[in-house]
Amino acid sequence: MIKNIKIYNTKTGEFFKKEPLLPVLPFRNIKANYYPPEHKLNGGALQDLIEHCFSLEDQKLLLGYVGCAINEPGYRWHKENLMLLGKAGIGKTSLLNAILSIFETTTVLKPSDFSKSSRFGMAKFPESDTVYVQEMETGNSDFCSTIKSIASGADISIEKKGVDAFTLNGDYIPRLFFDGNTLPKSFANEVHDKAFIRRTLIIFPKCDFAQRGRNQKYNEEDLYKQECLDWLCQAANKVYEELDLKNIHDRIGNDSKGENKYLDWDERYNRIY
C-alpha cells in the first residue's frame with residue numbers, strides 16, 4: 001500500500017524520484033488503498049464497465065489520465081484533457097462520478113462556469129482534487145480558450161466572494177474530466193490548431209454503460225465499493241508508471257490517433273448543432 005516517494009527540487013522546480021524501486025506518494029488526496037502491481041485485485045462492477053465498454057486503447061487513455069490526476073502537480077508534465085463523448089442516456093455521468101469518487105474532493109461544473117460573465121465559476125479550483133465538467137457540448141469560445149490555457153500549464157486568475165482576486169499557480173490546478181454528447185461548436189474553430197488537437201484525448205464507449213449494468217445485474221452503488229476504488233488506483237498507477245518509466249514528459253495518447261479521433265468524431269456521433 002505504498003508508492004514511490006517524490007522529492008521536489010527547489011532549485012530546478014522539478015520532482016524526481018529518490019529511489020526507482022521505492023513505491024511514490026500521491027500528489028492528490030484519494031480514498032483508495034495502495035497495493036503493489038503483483039497483488040491481484042477484483043475491481044467488481046467498475047472494472048467490468050471499463051474493460052467491457054472501452055477499447056484497449058481507450059482503457060489505457062482513461063487509466064493513464066486518472067494516474068496523472070493522482071500523481072502529478074497540475075498539467076506540468078502531461079498537458080492533455082480527457083473527454084468522454086457518447087449519446088445521451090448511456091450512463092456517462094454515472095461512470096465518471098464513480099471514477100472520480102476515488103478523489104476526496106471533486107467539483108462539478110458546467111461550461112458556463114468558465115465564461116467571462118461567471119466571475120466565481122472557478123472559485124473552488126484551489127481546494128479541489130479534480131474538476132468534472134458536464135455537458136461540454138454547451139461550451140462557448142470562453143470555455144474553449146480557458147481549457148486551452150489550463151492544459152498548457154499556465155496560471156489562472158481566480159475570484160472568490162469576499163476575497164481579492166488571486167493567481168492560482170499552474171501546478172495547483174486540478175485535473176479536468178469532461179463529458180458530453182458531442183464536442184462544443186466552438187471547438188470547430190480549433191481544427192487547425194495542432195497543439196490543441198494533440199492535447200485533446202477523446203474516448204468513446206463501445207456500448208451503453210447503463211444497459212451493461214442491467215445485463216450484469218449490478219446497481220450504480222456497486223461502482224463505489226472500496227474494492228472498485230482500490231482496483232482503479234492500482235490499474236491507473238500501473239499505466240502511469242509505464243508512461244513514467246518511458247519518459248515522464250511523454251504524452252498519454254498517440255499523436256496521430258488523437259488527431260484522427262478529433263477530426264472524425266462527428267462521424268461516430270451525430271452533432272447536436
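Where helix α1 meets helix α6, the residues D48, L49, H52 and C53 of α1 are in contact with F209, R212 and Q216 of α6, contact meaning heavy atoms within 4.5 Å. Helices here are DSSP runs of H or I of at least four residues, strands are runs of E of at least two, and both are numbered from the N terminus. This is a predicted model, in which local features need pLDDT of at least 70 and side-chain atom pairs count only at pLDDT 80 or more, while totals for chains, interfaces and linings use all residues. Residues are numbered from 1 along each chain as its sequence is written, and side-chain values use heavy atoms, with hydrogens and water left out.

Two packed helices are described by the angle between their axes and the distance between the axes. Helix α1 (residues 44–53) and helix α6 (residues 209–216) pack at an angle of about 125°, their axes being 11 Å apart; axes are lines fitted to C-alpha atoms, for helices over the stretch in contact, and angles run from 0 to 180 degrees between N-to-C directions. The two helices are therefore oblique to each other, since angles under 35 degrees count as roughly parallel, over 145 as roughly antiparallel, 65 to 115 as roughly perpendicular and the rest as oblique.

In the loop between β2 (14–17) and α1 lies K40, which counts as exposed because its relative accessibility is 75%; buried means under 20% relative accessible area, exposed over 50%, and partly exposed in between (1.4 Å probe, protein chains only). K40 and Q234 are 194 residues apart in sequence, yet 9.6 Å apart in space, C-alpha to C-alpha. T146, in helix α4 (residues 141–151), counts as buried because its relative accessibility is 16%, and, leaving aside neighbours within four places in sequence, T146 is in contact with F114 and M122. Helix α2 is mostly covered, with 13 of its 16 residues buried.

As for confidence, the mean pLDDT (the predictor's confidence in each residue, from 0 to 100) of the protein chain is 82, and 79% of its residues reach 70 or more. Over residues 16–24 the pLDDT is below 50, although this stretch has 24 contacts in the model beyond near neighbours in sequence.
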